[in-house]
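Visitor: I would like to learn how to read a model of this kind, beginning with the whole chain and then moving to single residues. Could you take me through it step by step?

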Amino acid sequence: MYLPAAFRQDDHDLLHRQMQATPFALLASAGADGVLASHLPLLLEPGEGELGTLYGHFARANPHWRALPDSGEVLAVFSGPDAYISPSWYPSKAEHGKVVPTWNYVAVHARGPMQLIEDRDSLLQIVSRLSERHEAGRTQPWAVSDAPDDYLDAMLRAIVGFALPIRQLEGKWKLGQNRSPADQAGLRQGLACSPDPRERALAAHMQINDRRETHHA
């Protein structure tokens with residue numbers, strides 16, 4: 001990932017929180033069959049290993065898991081809020097006009113070797129933990145144990161699980177930090193007043209980031 005210094009995010013706790021907030025990731029690898037990608041919900045266990053471990057599963061019919069490179073290394077991409085940035089939001093446009101559009105966003109990249117898991121008990125643990133994570137807070141949460149045993153066994157035979165110990169973790173918070181304070185303020189206001197929910201979500205992320213930077217200043 002291209003990481004200009006102004007946008008680089010190295011706080012592992014913050015990166016973990018973003019991964020947990022946007023758990024539906026793009027999992028990509030390059031091998032003899034070329035570049036393959038799968039969209040999968042991933043479960044982060046921050047306390048496992050120095051940078052944490054990701055868990056998930058493929059459909060057994062998905063050829064991706066069979067085509068993993070010999071190294072087993074894969075890239076998991078977690079995308080946060082993003083939005084088109086209009087030059088009209090910058091006060092500097094009225095001053096000199098030397099502004100162009102861009103796209104601001106938040107993203108986390110996690111790399112590591114994939115370890116495939118096929119035994120029933122480990123698969124059951126993975127799907128149970130994933131379900132518990134996303135059912136938490138519901139009035140009547142569904143549990144894996146609600147499914148009949150024979151049906152559950154058939155579903156488990158149809159998937160291949162994996163663990164991905166994170167060896168490299170990178171974050172990019174492209175939020176206009178390279179602009180003047182006046183342009184940053186105009187950017188926040190433009191996004192916050194937008195009818196587009198994606199743009200308002202990015203404005204909220206900017207406000208959180210601003211508070212965090214002020215706290216650490």
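Visitor: What percentage of the 217 residues in the protein chain do the buried residues make up?

Guide: Bear in mind that this is a predicted model. Burial is read from relative accessible area, with under 20% as the cut-off, and in this protein chain buried residues make up 45% of the 217 residues. The chain exposes about 11,900 Å², of which carbon and sulfur atoms supply 53%.

Visitor: How many helices and strands does the protein chain have, and what box do its C-alpha atoms fill?

Guide: The protein chain has six helices and ten strands, and its C-alpha atoms, taken along the principal axes, fill a box of roughly 70 × 45 × 30 Å. Sequence separation can then be set beside contact: among the contacts with a separation of 6 or more, 74% are accounted for by residues 24 or more positions apart.

Visitor: Where does S38 lie, and is S38 buried or exposed?

Guide: S38 lies in strand β3, which covers residues 34-41. Its relative accessibility is 5%, and because buried means under 20%, S38 counts as buried.

Visitor: Which side chains make polar contacts with the side chain of S38?

Guide: The side chain of N62 is joined to that of S38 by a polar contact of 3.1 Å, and the side chain of H64 makes another with S38, at 2.8 Å. Leaving out residues up to four places away in sequence, S38 touches A25, L26, L27, F58, N62 and H64.

Visitor: Where is H64 found, and what does H64 touch?

Guide: H64 is found in the loop between β5 (53-59) and β6 (73-85), and at 2% relative accessibility this loop residue counts as buried. Not counting residues up to four places away in sequence, H64 touches L27, A28, S29, L36, A37, S38 and F58; L27 and F58 are also among the residues that S38 touches.

Visitor: Which residues line the largest pocket, and what volume does the pocket have?

Guide: The largest pocket has a volume of about 180 Å³, and its lining consists of H57, V127, L130, S131, W142, V144, A147, Y151, L152, M155, L156 and I159. By class, ten of the lining residues are nonpolar and two are polar, with no charged residues. Helices α3 (120-135) and α4 (149-157) each supply at least two residues of this lining, and α4 gives the most, with four.

Visitor: Where does A203 lie, and with which residues is A203 in contact?

Guide: A203 lies in helix α6, residues 197-216, and counts as buried at 3% relative accessibility. Leaving aside neighbours within four places in sequence, A203 is in contact with R188, L191 and A192. As an example of reading distance, A203 and F58 are 145 residues apart along the chain, and their C-alpha atoms are separated by 34 Å.

Visitor: Where does M1 lie, and which residues is M1 in contact with?

Guide: M1 lies in the segment before β1 (8-9), and at 30% relative accessibility M1 counts as partly exposed. With neighbours within four places in sequence left aside, M1 is in contact with A107, H109, E170, G171 and K172. M1 and A61, by comparison, are 60 residues apart in sequence and 30 Å apart in space, C-alpha to C-alpha.

Conventions: Residues numbered from 1 in each chain as written. Predicted model: local features only at pLDDT ≥ 70, side-chain atom pairs only at ≥ 80, totals over all residues. Heavy atoms only, no water. Buried < 20%, exposed > 50% of the residue type's maximum accessible area, 1.4 Å probe, protein only. Polar contact = N/O pair within 3.5 Å; in protein donor to acceptor, adjacent residues only side chain to side chain. Contact = heavy atoms within 4.5 Å. 1 Å grid on protein atoms, 1.4 Å probe; cavity = no way out; pocket = protein on both sides within 12 Å on 5 of 7 lines; lining within 4 Å. Points joined across faces, edges and corners; volume = space filled by probe spheres on them. Nonpolar A, V, L, I, M, F, W, Y, C, P; charged D, E, K, R; others polar. Areas by Shrake-Rupley, 256 points an atom, 1.4 Å probe, with all protein chains shown as cover.
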